[in-house]
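Let's take a walk through this one together. Have the structure open and turn it as we go.

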Amino acid sequence: MVENVKELLKAHEGITHEVYLDNENSSMVPQEVLDAMTPYYNQRAYGNPTLTHKPGWEAFETIMESAQKISRFMGAKILEEITFTPGETEANNLALMGAAFAMKSKGKKIVISEIEPINVLHVVELLQKFGFATTKIPVDTQGFIDLAKLEEAIDKETILVSVSAANNEIGTVQPVKEVVDIVKAKNSSTLFHTDASDAYGRMPLNVQDLKVDMATVSSYKILGPRGIGALYVREGISLDRILEGQIGTQKLWPGIENTPLIVGFTKASELAFQNFEANVNRMRTLRDKLVDGIFNELSDVKLNGPKGDKRVPDNANISFLRCEGEALTIELSLKGIYVSSGSACSRRLLQPSHVLVAIGRRFSEAHGSILMKTTRYHTEEDITYVLEVLPNAVKRIRGIVGSTGVD
Amino acid sequence: MSRVPLPYNPKVLDLFRNPKNLGKMEDATVEAVAGNPACGDMITFYLKINEQEIIEKASFESYGCAANIATSSIVTEMIKGLSLKSAWEDITWKKVTEEVGGLPSIKFHCGVLAVGALKRAIRKYYSDRNLEPSWLPKELTFEEKQAVEEEELAKMLAKRLKVEGDK
């Protein structure tokens, strides 16, 4: 199969302009971040932070200072509230499973929204096997959680609620503070977790102001290296560990801390929060140019998710009617534009993106959806290039579809 | 939504980029559809059939992924010049998959759907004319059953999710 991929890659030869917009699924790491990380592999702090020698103490110092910085960016009180994990998936697993097992004597009910990330959906599914029951709260056509239904769902047995601060697919910014108030008013001992990976570095986020008990952030979502993320757990809250092993500087996550990745994540955070306003404005300006350009060029397109300040500034999710998404991603790739789709053209897995289904998109609309995320590294020229190529790509795929996709 | 790697081979990529016999055929003798946009997978075949029951030309439209487009395109080439009887007997999803140089297993259903649509078209040709050739089985073939199953699954899923399903 790898031979096939070599041929696929050969088909991309001669591309003159590349624009990577699939920052939902992975991202490029800026050179500044790599430069910050490299010394930690072989020049300093490469030791185990729990050991009594210089490289170990250097690692300890580095990890603590990094945790301090991340805690400030998140608005946490103390650095001990930050646990580094290998990523968003692991942080969400720790938050949900760790809280459920720690709270199991108080109840077995968990509440999430219908549009939580896949890893949250899978964790609560797994928890069902241990006797926990999950209620999924519906969202409206823009992805905002139904607050009345949420309030109804919380009772004495509810031990945990998890609602993302910003949706990863359609960019909806939830009223987290209001959600927390509703939950705590019904049951003050219910723990509240938010996956803030898509909010971090894109909008003001302060875990103390929001009064959340746990919050997940992820490195690659802010152009840091993959393989690292963090979970904020408010002081005084005790979670069960979900992995066992050698405990180092962090009591919630065993194994030797990955100092270079922690440094990279911290550097990426610093870059995101330096000139925060300018960075956010840049992402938004480019995103708006992209979306407006597509709407000007093509008919039968729909924006998925809200408009305006209730949408994170980098997210563009558009359904192209009479156009199949996977085919479009390949067509665009051959022209140097890299995006992902909410389509699911695979046997027995007919269900497209659960988020698009939850906001009431028809299946055919979900199959024709494309997700793009701008970064501060994109240029006006990048977006201009996308707007030159994308309308023609959509038209070619629509030409193959013909009257077959009309429903 | 699960994701799997999809290392399409050069033939599939070529057919995706340069599909053969694409588009609606105005003078088609028969046309047939399999799948549904709700599945993200739908094919229409148009066949021009002469009095000797030979397929003179075939074309297609495809709402689907690269594998769907490639398998539909290759079917239109494989059946050109064949009698309806040979097309019915010789074209199987396995042959179609071989002819495009293989597919990732998760995409086998694309070839199955393409052959399902072809078989529907052949059946329709005869039922339109109230003919029942002896070689044409009454019972649905594997590919036709799979097409029905895929269409039913999409409907069921839409119902279960309480969303407005596609027609």
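**A walk through chains A and B**

Start in chain A, where strand 10 (residues 315-320) and strand 13 (residues 369-373) of chain A run antiparallel and are joined by five bridges. Bear in mind that this is a predicted model. For a landmark within this pair, look for Ile318(A), which sits opposite Ile370(A) in strand 13 of chain A. Helix 11 (residues 276-297) of chain A packs on the sheet here, touching strand 9, strand 10 and strand 13 of chain A. The direction of helix 11 of chain A makes about 15° with that of strand 10 of chain A.

Now zoom out to the sheet itself. It is an open, four-stranded sheet in chain A with antiparallel pairing, and its order is 9-10-13-12. Strand 9 (301-303) and strand 12 (340-341) of chain A are the edge strands, each pairing on one side only.

How is chain A divided? There are two parts: domain 1 (2-21 + 276-401) and domain 2 (32-273). Taken over C-alpha atoms, the centres of domain 1 of chain A and domain 2 of chain A are 28 Å apart. Where they meet, 21 residues of domain 1 of chain A are in contact with 21 residues of domain 2 of chain A. On the domain 1 side of chain A, helix 11, strand 10 and helix 13 (354-358) of chain A each supply at least two residues that touch domain 2 of chain A. Helix 11 of chain A gives the largest share of that side, with three residues. By class, this side of domain 1 of chain A has nine nonpolar, nine polar and three charged residues.

Next, hop over to chain B and its strands. Why is strand 1 (residues 30-36) of chain B described as largely enclosed by the rest of the structure? Because five of its seven residues are buried. Strand 1 of chain B runs antiparallel to strand 2 of chain B, and seven bridges join the two. One of the pairs to look for is Val30(B), whose bridge partner in strand 2 of chain B is Leu47(B). These two strands of chain B make a hairpin with four residues between them, and in this hairpin Gly40(B) has a positive phi near 75°.

Carry on along chain B and there's another hairpin, formed by strand 2 and strand 3 of chain B, with five residues between them. In its turn, Glu53(B) has a positive phi of about 60°. The pairing of strand 2 of chain B with strand 3 of chain B is antiparallel, over eight bridges. Here Ile43(B) has Ser62(B) in strand 3 of chain B as its bridge partner. Strand 3 of chain B is mostly covered, with seven of its nine residues buried.

Trp135(B) counts as exposed because it has 8 other C-beta atoms within 10 Å, and the cut-off for exposed is 12 or fewer. Trp135(B) and Lys94(B) are 41 residues apart in sequence, and their C-alpha atoms are 21 Å apart in space.

Finally, bring the two chains together: 40 residues of chain B are in contact with 36 residues of chain A. Several elements of chain B supply at least two residues each to the side that touches chain A, including strand 2 (41-49), strand 3 (55-63), helix 5 (108-128) and helix 6 (142-160) of chain B. That side of chain B has 25 nonpolar, nine polar and six charged residues.

How values were computed:
Residues numbered from 1 in each chain as written. Chains lettered and ligands numbered in written order. Predicted model: local features only at pLDDT ≥ 70, side-chain atom pairs only at ≥ 80, totals over all residues. Contact = placed C-beta atoms within 7 Å. Nonpolar A, V, L, I, M, F, W, Y, C, P; charged D, E, K, R; others polar. Buried ≥ 20, exposed ≤ 12 C-beta atoms within 10 Å, placed from the backbone. Pairing = 2+ DSSP bridges. Axes fitted to C-alpha atoms, helices over the stretch in contact; angles between N-to-C directions. Domains from an automatic or database assignment.
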